[in-house]
Amino acid sequence: MAEKTYRAGIIGLGFIGGADQVSGDALGQLVVELDGTHFQAYSEHPRIDMVAGSSRDEGRRERFEERSGARTYSDWQEMIEQERFDIVSVATYTPVHAEITKACAERGIPVIYCEKPLATYLDDAEKMVADCAKAGSLLVINHNRRFNPNTRKLAAFLQEEQLGKLTSANLQWPSGRFGNVGSHQFDMLRMVLGQEVAAVSGTLDQSRRPDCRGQQFHDPGGWGVVRMEDGLMVTVDAADYNAMTPEFRLNGEMGRVILRGFDNVLVEFWNGSTESWPSVRGKVSGMKTAADEIVQHLDGVATFPYPGEQAYGTHETITAFHASHARQGAWVELPLQGEDRKRAVNSG
């Protein structure tokens, strides 16, 4: 008997959603350099039928139709009303993630694959998680390090305490943008350590690097210290105009790990031995892995390894940097309370 095919749609047919290079040109980035796109993850999967996409932009719709042969809609609400979906990607601007996710959940769509960060405000992020839980929909957030073999290997390596007790850590990356780029970095931190952030002391970069999406999406980077649940201190260096290679360092009693770039891992033990895990980027796509695991979830044969509620802690960490900055870098404890929950993460 033939295996079941699942029907997918994409809301937002730009760079990451529709693999649209015209949109990528506006961002100064190439589609081929991404760790996959929603379009590629679905169109290249043998058991996913990409049936429709939605965008307000006519050019994006025309180019998507040419690439995919799928139907397109100018109104996402009309699309989810007219089509039957098993999976819908939400690849739009962050401020509308919550509204679209709620509507998809209320339509009974089984899987909602949403771009990061979750939302602009923490309360909206919390509602997204709650709406999907109430409807029985799986919320998947595109924090692609979660689906990378080397990052998963690193999480297991640390869980086995192969470095002994960790003593310090450092995160650095270029271009700042805590909401956009930092969401990947802070989520990776939580993933590989297997614990939550307990407190943040941070300062935002006020150089106001322009965002091609518009000034309303001003998303600063900055500097600071993150304290994890077990007391581990993690320094953060992510200024808006940084030019260094992304790097994640973990120091322990028995050695250290250096993750450079996307997923190139070097392990150096204090006894002099080393091992390296070459990057698999370009060979294994995180988004294709996510699509595989979504299909396994829909088949009922495996539990999806990264449900959306786990992304809430990443959003809260970023919000905490904004709250700490407003207090001149004072320590802010998580979970956030009161007015701190109302601070905006203005990522596009």
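Q: Is helix α11 mostly covered or mostly open, going by how many of its 15 residues are buried?
A: A residue is called buried when its relative accessible area is under 20%. In this predicted model, 13 of the 15 residues of α11 are buried, and the helix is mostly covered.

Q: What span should the 15 residues of α11 have, and how far apart are its end C-alpha atoms?
A: The expected span is 1.5 Å times one less than the number of residues. For α11, which covers residues 312-326, that comes to 21 Å, and its end C-alpha atoms are 21 Å apart, so the two values agree.

Q: What happens to the backbone just after α11?
A: Look at phi there. Q328 takes a positive phi of about 60 degrees, although Q328 is not a glycine. Q328 belongs to the loop between α11 and β15.

Q: Is Q328 buried or exposed?
A: Exposed means a relative accessible area over 50%. Q328 has 72%, so it is exposed.

Q: Where does R208 lie, and what is its phi?
A: R208 sits in the loop between β8 (197-204) and β9 (222-228). R208 is not a glycine, yet its phi is positive, at about 55 degrees.

Q: Why does R208 count as partly exposed?
A: Partly exposed lies between the buried limit of 20% and the exposed limit of 50%. R208 has a relative accessibility of 42%, so it counts as partly exposed.

Q: What kind of peptide bond joins L334 and P335?
A: That bond is cis, and its omega is about 5 degrees. P335 is in the segment after β15 (332-333).

Q: Where is A239, and why does it count as buried?
A: Take the place first, then the accessibility. A239 is in the loop between β10 (233-238) and β11 (247-252). Its relative accessibility is 8%, so A239 counts as buried.

Q: Which residues are in contact with A239, leaving aside neighbours within four places in sequence?
A: Contact is a matter of heavy atoms within 4.5 Å. A239 is in contact with P174, S175, G176, D205, G222 and W223.

Q: How many helices and strands does the protein chain have, and what is its radius of gyration?
A: The chain has eleven helices and 15 strands. Its radius of gyration is 20 Å, close to the 20 Å that the globule rule gives for 348 residues, so the chain is as compact as a globular protein of that length. Along the principal axes, its C-alpha atoms fill a box of roughly 60 × 45 × 40 Å.

Q: What percentage of the chain is buried, and what makes up its accessible surface?
A: Of the 348 residues, 57% count as buried. The accessible surface comes to about 14,900 Å², and 47% of that belongs to carbon and sulfur atoms.

Q: How far apart are the mean positions of the positive and negative charges?
A: The chain has 36 positive and 48 negative charges, and their mean positions are 1 Å apart.

Conventions
Residues numbered from 1 in each chain as written. Predicted model: local features only at pLDDT ≥ 70, side-chain atom pairs only at ≥ 80, totals over all residues. Heavy atoms only, no water. Helix = DSSP H or I, 4+ residues; strand = E, 2+ residues; numbered from the N terminus. Rg over C-alpha atoms; globule rule 2.2 N^0.38 Å. Buried < 20%, exposed > 50% of the residue type's maximum accessible area, 1.4 Å probe, protein only. Areas by Shrake-Rupley, 256 points an atom, 1.4 Å probe, with all protein chains shown as cover. Lys, Arg positive; Asp, Glu negative; His and termini not counted. Charge placed at Lys NZ, Arg CZ, Asp CG, Glu CD.
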